Amino acid sequence: MEAALRHRVLELAARAIEQRLNADRSDYAGPIRPCACGQRARYAGRRSKRFTTVLGDLTLERAYYHCAGCGQGTSPRDQALGLAGTTLSPAVTRLVGAVGAVVSFAEGSALLHELAGVRVDPTVVEHTAEALGQTIAVDDQTSVAPEPPAAPTLYLGLDGTGIPMRKAELADRPGKQADGSAKTREVKLCTVWSAEARAADGTPMRDAGSVTYSAAIESVASRDTDATPAAFTHRVLREAARRGFAQVARRVVLGDGAAWIWNLADEHFPDALQVVDLFHAKEHLHDVATAIYGPSSSLGRRWVERRATALVTGAFPALLRALARPARAHPAAQQCLEYFQRNRSRMRYPAFRAAGLCTSTGVVEAGCKVAIGTRLKRAGMHWTLRGANAIIALRCCRLSGRFEGFWERRAEAQRAA
Ligand SMILES: [Zn+2]
């Protein structure tokens, strides 16, 4: 359809709906109506408000009630149409959530106009996407039913990645900058997936559509006096419970070498197999090669290839010997040596492979890039804690295929209200 014709048709539909709703005065609920605060709100006439919908802007005249007790105004029609406290229709709110999860708020505003003909200011996109993300974060914690386990073996991956924050959000936080200050805060990510699929050579592959993500800037450290686990630990337990991690025959926890990951696994999933993601182990070898041979040297590449082969074929003594020599001169090699010694039992790759386990996926690392990096680490972005956690919740919800379920619960709650 021609853009101009499409615009005209939508315009006619918008005016028809506007007329019909404004002629219908059944939203008048008498002179007095109970207010949410517990007091009574009085009818204050019909008032008009402009809403943004997928058809274009609608100006609705609605019965309006005002509560002198709490100072709040409400309109029964707004509540019935899912428009309470917003100027966006539920469908537009959903579109805003979809674009706000993947691109910057300014780009999202432009996309909404280009693809849906809807004009929403970038600041409204920001405000709406963040509010939606916060609602999703709360919904995630409160009203989520466990799913049946997807496969006999489930993998739970843990990782962290830094995102750039606004200065005010970093005051007094120690960091890695030269003056001891911080520029970033760590987002911690939990992913769960299955890998029953096999590549042509029999290597286990991550099952398409099996990956779910849950992440936030949250702490794993809890003081000895705390009765409840720290926020991120709580998140991991929630995600594990949601995916039926405890019910499956085989549980695997994957991560890099970070101590918090294995502490969490030891404490909360004591019978899960611990595996260092091969992707991370190889990254450490690359760091050593760079320290010894400099960046992008062919000698360095050959060194990494030989060490990586030793690693995957279980030639651990040879690997440790090859690291012990440069360790005397290069701190990076010394660190790597200690890392391999410390995590040796988590790097029994030949045994893991023989057991049909997935170890070299980079799923967790990719998860950090997909779920966090591509949206939150873009040039010039600086986040508030609140804003980052809201957008992370929104992204994880969409990437995990949980957006639809969220809207169903939300619509149900609205119908019940
Ligand atoms: Zn009130």
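**Figure 1. Overview of the predicted chain.** This is a predicted model, in which local features need pLDDT of at least 70 and side-chain atom pairs count only at pLDDT 80 or more, while totals for chains, interfaces and linings use all residues. Residues are numbered from 1 along each chain as its sequence is written, and side-chain values use heavy atoms, with hydrogens and water left out. The chain contains 15 helices and 11 strands; helices (H or I, at least four residues) and strands (E, at least two) are DSSP runs, numbered from the N terminus. Its C-alpha atoms fill a box of roughly 85 × 50 × 50 Å along the principal axes. Of the 417 residues, 43% count as buried; buried means under 20% relative accessible area, exposed over 50%, and partly exposed in between, with a 1.4 Å probe and protein chains only. Contact is defined as heavy atoms within 4.5 Å. Among contacts between residues at least 6 apart in sequence, 64% join residues at least 24 apart.

**Figure 2. Confidence along the chain.** The predictor's confidence in each residue is given as pLDDT, from 0 to 100. The chain averages 89, and 96% of the residues score at least 70. Confidence is highest in β2, at 96, and lowest in helix α13 (residues 363–376), at a mean of 73.

**Figure 3. The zinc site.** Four cysteine SG atoms, from Cys 35, Cys 37, Cys 67 and Cys 70, coordinate the zinc ion at 2.2 to 2.3 Å. Donors are N, O and S atoms within 2.8 Å of the metal (3.2 Å for Na, K and Ca); water is not among the atoms, so sites may look incomplete. The angles among the 4 donor atoms are 106 to 116°, and the site is tetrahedral. Four donors count as tetrahedral if all angles lie between 85 and 135 degrees. The ideal angle for four tetrahedral donors is 109.5 degrees. In sequence, the donor residues follow the spacing C-x1-C-x29-C-x2-C. Cys 35 and Cys 67 are both buried.

**Figure 4. The four-stranded open sheet.** The sheet has the strand order β1-β2-β3-β4, with antiparallel pairing. Its edge strands, β1 and β4 (73–74), each pair on one side only. Two strands pair if DSSP finds at least two bridges between them. β3 and β4 are joined in the antiparallel sense over 2 bridges, and Tyr 65 has Thr 74 in β4 as its bridge partner.

Figure 5. In strand β5 (residues 153–164), 10 of the 12 residues are buried, and the strand is mostly covered. β5 pairs with strand β6 (residues 184–193) in the antiparallel sense over 10 bridges; within β6, Arg 185 stands opposite Ile 163. With strand β10 (residues 250–255), β5 pairs in the parallel sense over 5 bridges. Tyr 155 has Val 252 as its partner in β10, and Leu 156 has Val 253. Because 5 of its 6 residues are buried, β10 is largely enclosed by the rest of the structure. β10 also runs parallel to strand β11 (residues 273–276), to which 4 bridges join it; Val 252 is bridged to Leu 273 in β11.

**Figure 6. The surroundings of Arg 235.** Neighbours within four places in sequence aside, Arg 235 is in contact with Ser 214, Ala 215, Ala 216 and Glu 218.

Figure 7. Ser 296 lies in the loop between α8 (278–293) and α9 (298–312). This residue is exposed, with a relative accessible area of 70%. Although not a glycine, Ser 296 has a positive phi of about 45°. Most residues other than glycine have a negative phi. Phe 279, found in helix α8, is partly exposed at a relative accessible area of 33%.

Methods: Tetrahedral: all angles 85-135°; square planar, octahedral: opposite > 155°, others 65-115°.
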